[in-house]
Amino acid sequence: MVNVDICGIDVDFPFEPYDCQKKYMEKVIQCLQKGFNGVLESPTGTGKTLCLLCATLAWRETYAARLQLERVGTIKNKAFEQELGSLLNDAAGGLNPEGSWTRGFADIPKIIYASRTHSQISQAVSELKNTRYTPKICVLGSRDQMCINSEVMKEENHNGKVHMCRSKVSNKTCFYYNNIEASKTVIPNEIMDIEDLVNLGNEKRFCPYYMSRELRKEADLIFMPYNYVLDFKARSAHSIDLTNTIILLDEAHNVEGVCESNASFDLTSFDLASCIEDCQQCVELLMQAEEDNTVLDEASVTDLTAEDASHMKSIFLKIETMILNVPLKDGSATKSATFLFDELSKLKVNEQSKDQILDSLDKITGVLTGTKSKAFKGKNYALDKFGTVLRTMFSRSTDADISKSNNDLSTTRKFYKVHIQVEKKKEEKSKQKTVNVWTSSKYTTGSDSARTLSYWCFNPGLTMRDLMDQGVRSLILTSGTLSPIPSFKYELQVPFNVELENDHVIKQHQVFVGIIPQGPDGKKLNSSYKFRSTPEYQLSLGNTVVNLSRIIPHGLLVFFPSYPVMDMVIAKWQEAGIWNRLSQSKGLFIEPRRKQGLSDTMEEFYQKVQDPSLKGAIFFAVCRGKVSEGLDFADSNGRGVIITGLPFPPSHDPKVVLKMQYLDEQKEGVCIKGREWYKQQASRAVNQAIGRVIRHRNDYGAILLCDERFKYADSKAHLPTWIKKQIREYKDFGQAQRDLVFFFKDIPSKMGLLEPCGKQKRKHDDIQTASGNTDNCGNNDDCCMNQKPKLPRFNKSTNNTSNSFFGNLPNKAGQHQGSASTSLMLLSDQKEGKSSIFDSLNTTSTTNNNNRAVTANKNNTYFSTLQTSSTNLSTGATTNSTVVKTKKYKIVGNKPKDGASKVTKTTSVTVPETVTDAKQYLRKVKTVLDHGRYEKFGHALKLYKESGNIKILLDKLKDLLDRENLEHVSILKGFSCFVRKENDKKMFVETCKNFTGAQCVICLKEAYRPYTIATCSHMACYPCWYALKKEEELSCPKCGVEFSWKNLQKCFMEGQVGLYGVDITQFKL
């Protein structure tokens, strides 16, 4: 640990903090010392969560030390006491308003750390475990995460679990809850996440959900989701006291939307019909019990009468009628908030009757939950939702001062709008799958037009002011994407005295930021509504992604503005063959719309990134989607991100239109107008998507903004500060492509890496030994190869189509396609007793030559070996041989689940490194050659294995391979690493030099200023190509493939070259 003095506070940090981290902690401590609120922006990857926790806990320790000094009283050394007291006063934050420092230990503030999701909270707890601080903590979660009662977890929805749990607790029928008091002594004095507490609860047989509530009473630091803090209804349900607390809201870029959402609701016709249905079922149950003179289950409420339930049913029927009677124009109508209050007041639903109605709703739900009758079909708990409606509408009213309440309501109602619209039939049908109330219920009005009543809040400041009124000491909002901060502060309407826009921890050479306004064909890239549907834009964007994906290694993220745009563009790519071109080099994945399939899709994506048979993987996702927030694409999982457009909110969405109107109508203290807010929503979504790459100081990557609108001043102004400094604007695609190639070529040397970061390691380097350790590259800490991969790279089937794009998207015939990687099968998986091509190649590298191998960097894989051999062959150089380094393993299991053998380190079977090279080389060959040529290739290898005559092999390969096809040339050069004898090596080098002479496919002479077609790799002289340019339709004279003039790529004799003479064979394109 490193001790750092920040604003008089000794902060213990796991390592020497960077300048941006010190600056961040200074702002945090400044807020705590003076009781201020802060808005702190620090880019993703700068360690803001770690800084936030360390600085806050260090200040709290100092504050407690000052209280301890006050409690001890007098010290013999008065000078020391005065000096210590003065130092602690300054560090802890000064005196009381009365001018004294007399406080009790109850005054030590509790710290509440809140984030958006449980996974982000788990990451924060993991960061805390890496520090020396050990506060008493607890993590609050929902019953979905923490309940272990099997009967409760059988309930289909959250409300059902809540009611079932409460019923069991009130009746003392939950064994786990009853065991809490006896189990308090078994809780260890250590930092525990939700998973730790749940595992302990299963082991010791106590309820983790209620145990976390018990731990909260003594906790110094409490972790919880956003809603537990911001939603007054959740605070009340969980009894969360915010008096004298420090609230840390991490990932706070969504706070505005969350605040507005918590103060709003949507009430559908389906909800009302369900309420009517539930009330009627309750009436029938109560009447039947009265007739039978029986008592309902213990969970039921005995003082509820059938008349009470019938009265509630009549209220719902009248509300439904009121909504249906509102005249609509073009399917919708907008009213002031006063309209809804007045209409409900006619039904005697107001702030005075609210509590009585809520009590009746709880009793009805209790009766329906407690009964085992099938009458309560569906259990949608719509009554709970209506209770939420009442609490939201009358949250700011008090019975103690009705006149003051009415004034408050009249003031706040101007921040709300009521919107009524006809429900979409698609949504209506999806809801009817659960309870078909429209066809089966006799309690509806009979109208075919289902409607939704929306009560929308457009002022997030209402929720924030309500939060601060709870007695919060300091509120700190932090995220990587809060810019522009002035408008962010204005919307929340809370005084923020401290703010920060931090720089990134990385250096400038670690990121490439480019604005690309046009594609390779010169067509402009603009995803606005006017152009996004045109074939020209869609094809130009597709060719742009194809070209960039060849340059960007490993993982690539491509973000679209919305799901419909993504579906439309990808469908066009499939039709035009662009999708197939992408799949030839990288695995392809699409963000699933449902949350359930995301984790599996992410797992398969990580595997494909590390798959040596591919050049990485591409993940197509949507801004504001699940992938754009909270997911980590560090190191090789995310070497580049492409933003295909500005994700503006739907311009015709009623809520968006009303929000813009609301902002335009504001006259006092206006900081932002509707149009500016509209643009900021798009910019913040872009900034959040950009943050998926560059996850730590040793990371690097490219950010490509492929839309001409990013050139506009207002678009660039909304980008994060650290990105603005790096932006490069390009007029044509060729220049951007050239600079991007240079970026990935130069980055390893600039970062001091022995090899490009994210290079594949050999398979046995990732196999865990018996001790649980893994071998790494042995480089220094700056090498990101020391970053452990997300998931195991091996022993995974390549046939899994459940979550790849082809498993989700149907083809034209409506049938699901197979995985793009299905054909890339392991060549070593052969039937027992049958010789394979791999056996032949592997034998050539080991038979009678176990002590010799080709010279290559010991960390290189086949791809880097191929590049090295290409350079050596071009200069006529030969390589020396070195001893093969091996590792020894022992077979432990015969039939593990994945069909692969488990290994642990011991002294048995020898596995040479060239085995991995052979497999990778053959995978590459199989992807380039067709089936017939691949069979002939295998036959040539077997002849070479049997005879050992290199001349026979070379004659076969020269007849088999096409010298004008650069991929065929690379196959021949790549075989050089498996040639062992020195004389054979020299002959092989000379043959390769003669074979790879650049011959024009048109004039059949040595090519002058040769260019190749990007799609088929055939080569011709520039003058010969120029002569063909006059033809209307260009096609390759060798294979007939059609191409455009801009598909030609410049090249020279020793390899393929991109625009401006950059050798791209060195970058594994």
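This is a predicted model: local features need pLDDT of at least 70, side-chain atom pairs count only at pLDDT 80 or more; totals for chains, interfaces and linings use all residues.
The patch gathers E290, E291, D292, E307 and D308, and the elements that give two or more residues to it are helix 15 (269–292) and helix 16 (306–324). Its members have over 30% relative accessible area and no salt bridge, and like charges are joined within 9 Å, a salt bridge being a side-chain nitrogen of Lys or Arg within 4 Å of a carboxyl oxygen of Asp or Glu. Helices (H or I, at least four residues) and strands (E, at least two) are DSSP runs. Within helix 15, E291 is exposed, with a relative accessible area of 60%, where exposed means over 50% and buried under 20%, with a 1.4 Å probe.

Turning to the aromatic residues, a search of the whole structure finds 30 pairs, defined by ring centres within 6.5 Å, with planes under 30 degrees apart counted as stacked, over 60 as edge-to-face and the rest as tilted. The pair of W59 and Y63 is tilted because the planes stand at 40 degrees, with the centres 5.0 Å apart. Both residues lie in helix 2 (residues 48–72), four residues apart; W59 is buried at 0% relative accessible area, and Y63 is buried at 3%. F560 and W573 form another tilted pair, 6.1 Å centre to centre with 55 degrees between the planes. Because F560 lies in strand 15 and W573 in helix 26, this pair ties together parts 13 residues apart in sequence.

Residues are numbered from 1 along each chain. Local features need pLDDT of at least 70, side-chain atom pairs count only at pLDDT 80 or more, and side-chain values use heavy atoms, without hydrogens and water.

Terms used. Patches are made of residues with over 30% relative accessible area and no salt bridge: like charges are joined within 9 Å, nonpolar side chains (Val, Leu, Ile, Met, Phe, Trp, Tyr) within 5 Å. Accessible areas come from the Shrake-Rupley method with a 1.4 Å probe; for residues, only the protein chains shown count as cover. Lys and Arg count as positive and Asp and Glu as negative; His and the chain ends are not counted. The place of a charge is taken as NZ of Lys, CZ of Arg, CG of Asp or CD of Glu. Rings of Phe, Tyr and Trp (its six-membered ring) pair if their centres lie within 6.5 Å; planes under 30 degrees apart count as stacked, over 60 as edge-to-face and the rest as tilted.
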